[in-house]
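Hi everyone, thanks for coming. Let me put the structure up so that we can walk through it together.

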Amino acid sequence: MDKTIADLRKDYTLEGLSETEIDTNPFIQFKKWFEQVLAAQLPEPNAMTIATTTPDGKPSARMVLLKDFDERGFVFFTNYNSRKGQELAENPQAALVFWWAELERQVRILGRVEKVSESESDYYFYSRPANSRLGAWASNQSEIIASREVLEQKMQEFQTKYETQEIPRPPHWGGLRVIPTEIEFWQGRSSRLHDRLLYTHLDNGSWKIERLSP
């Protein structure tokens, strides 16, 4: 008899996560885990879900790619006129989720969002391949278009326009930084008794660490 969706389950047994093992600084802890993800050669290790909401609470979520992180926060790049860009302009709060199934790990991040500096956006934009830079001009992200051919035609137009000159960064394209107020590290454990350790940023700049029930 074929399994149903309700029958799908996995018991997590790889590792545990204790208060004595983690760093008191969540950014150092994230760096440690991310380095282990890279060492494991997982596909799209920097892929993350970002959830946003409209001012009246209507949510939306999608996958984006983490492009930088440090103690200032977690950075990704986008068209500021896209749905997520507009929602973050109106309500600059977001949730991020990393899911690394092979390591049975998850990281959840909540925080406020701000644009990165013009120089940071320029630096990353000019590091991208030429066609990716042209794509930032050709795509009015999240807008309805009549067909694939419309997009390809616009791409060809910009390829011709910038054939003999440097491709500038569009003014509507750049980086956004999620500045965390909470970071949760989740390690899968057997019998669904998962380890969940939550860092909460305090007014004095320190981080409080608490264990959550799975």
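**A first look at the annotated domain and the cores**

In an unreviewed entry, UniProt gives residues 36–161 the feature "domain: Pyridoxamine 5'-phosphate oxidase N-terminal"; the positions use the numbering here, the feature name is shortened, and such annotations may be inferred rather than shown by experiment. This is a predicted model, where local features need pLDDT of at least 70 and side-chain atom pairs pLDDT 80 or more, while totals for chains, interfaces and linings use all residues. Residues are numbered from 1 along each chain as its sequence is written, and side-chain values use heavy atoms, leaving out hydrogens and water.

Across residues 36–161, the chain is 34% helix and 34% strand, with its end C-alpha atoms 43 Å apart. Helices (H or I, at least four residues) and strands (E, at least two) are DSSP runs, numbered from the N terminus.

Now, which residues have the most contacts inside the largest nonpolar core? They are Phe30, Phe74, Trp100 and Val107, in a core of 32 residues. By nonpolar core I mean buried Ala, Val, Leu, Ile, Met, Phe, Trp, Tyr and Cys residues joined through side-chain atoms within 4.5 Å; buried is under 20% relative accessible area, exposed over 50%, partly exposed in between, with a 1.4 Å probe and protein chains only. Helix H1 gives this core the most, with 5 residues.

Leaving aside residues up to four places away in sequence, Trp100 touches Phe30, Trp33 and Val107, among others, where contact means heavy atoms within 4.5 Å.

Finally, Gln156 sits in helix H5 (residues 148–161), and because its relative accessibility is 44%, Gln156 counts as partly exposed.
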